[in-house]
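Colleague: I'd like to learn how to read the side-chain contacts in a model like this one. Could you walk me through them?

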Amino acid sequence: MEKNDIPTHYLGADIEKGVMKVRQLTVPNLEFVLRYFTAGSMCRRFTLPEGLPFDPPYLEVTLKDDEQGDPLITDRLCQMKGILTPGQYDEALNILTNVGTVLKDALAEMDLSLIDFKIEIGYDENGKMYVVDEITPDIWRVKDEAGNIPNQIDCAQLILDKIQ
């Protein structure tokens, strides 16, 4: 992500010790979702069939709150609740869109079509936003050449097989 000018919390790692160094950030209780096609909860919430394309991609921000069913939340509500300051919501959506472009292109090289994904984004003491989530099959949904949607474990193995 950093090679594509997408700021992340990652600062380095000692693989031998299993330790990763990251920026100290505030991580709001939000998830940022980008959809290239309808799928999953969106289809259930809005009674839509699976697989309808979005162009441009559809962006959602949800409040991570199990009791409320992770409701969609707007910029204005994030500011009213003191979750984000003016400009941070749009900055986060810009990061989300950029991550989507990089991820979609990388997966396409492996003959996988990105359906959707979600990430978390945090901010530093100056309000600058960073991706704070892993970028792994755990956060995305893809479709293979045959139209199958592999689960996270199968997707990870599929990718490992293609890059080895």
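Colleague: Let's start with charges. Which residue forms a salt bridge with glutamate 31?

Modeller: The general idea first: side chains of opposite charge can pair when their charged atoms come close. Bear in mind that this is a predicted model. Here glutamate 31 pairs with lysine 118, and their closest N and O atoms are 3.8 Å apart. That's within the 4 Å cut-off, so the contact counts as a salt bridge.

Colleague: Where do glutamate 31 and lysine 118 sit in the chain?

Modeller: Glutamate 31 is in strand β3 (residues 30–37) and lysine 118 in strand β5 (residues 113–119), so the link spans parts of the chain 87 residues apart.

Colleague: Is glutamate 31 buried or exposed?

Modeller: Buried means under 20% relative accessible area. Glutamate 31 comes out at 15%, so it is buried. Lysine 118, at 37%, is partly exposed.

Colleague: What does arginine 35 meet in a salt bridge?

Modeller: Its partner is aspartate 116, with 3.1 Å from N to O. Aspartate 116 belongs to strand β5 and arginine 35 to strand β3, so this pair ties together parts 81 residues apart in sequence. Both aspartate 116 and arginine 35 are buried.

Colleague: And which salt bridge does arginine 141 form?

Modeller: Arginine 141 also pairs with aspartate 116, the closest N and O atoms being 2.9 Å apart. Since arginine 141 lies in strand β8 (residues 140–143) and aspartate 116 in strand β5, the pair connects parts 25 residues apart in sequence. Arginine 141 is partly exposed at 28%, whereas aspartate 116 is buried at 5%.

Colleague: Which residues do salt bridges with shared partners join into one network?

Modeller: Arg35, Arg45, Glu60, Asp116 and Arg141. The structure holds six salt bridges.

Colleague: Now the rings. How many aromatic pairs are there?

Modeller: For rings, look at the distance between centres and the angle between planes. The count is one aromatic pair. Phenylalanine 54 and tyrosine 58 have ring centres 5.1 Å apart and planes at 25 degrees, so they are stacked: the cut-off for that is under 30 degrees. Phenylalanine 54 is partly exposed at 22%, and tyrosine 58 is partly exposed too, at 28%.

Colleague: Which ring does the charged end of lysine 128 sit over?

Modeller: That of tyrosine 130, at 5.2 Å from the ring centre. Lysine 143 lies over the face of phenylalanine 37, 5.8 Å from the ring centre.

Notes: Residues are numbered from 1 along each chain as its sequence is written. This is a predicted model: local features need pLDDT of at least 70, side-chain atom pairs count only at pLDDT 80 or more; totals for chains, interfaces and linings use all residues. Side-chain values use heavy atoms; hydrogens and water are left out. Rings of Phe, Tyr and Trp (its six-membered ring) pair if their centres lie within 6.5 Å; planes under 30 degrees apart count as stacked, over 60 as edge-to-face and the rest as tilted. Buried means under 20% relative accessible area, exposed over 50%, partly exposed in between (1.4 Å probe, protein chains only). A charge sits over a ring if NZ of Lys or CZ of Arg is within 6 Å of the ring centre and within 35 degrees of the ring normal. A salt bridge is a side-chain nitrogen of Lys or Arg within 4 Å of a carboxyl oxygen of Asp or Glu. Helices (H or I, at least four residues) and strands (E, at least two) are DSSP runs, numbered from the N terminus.
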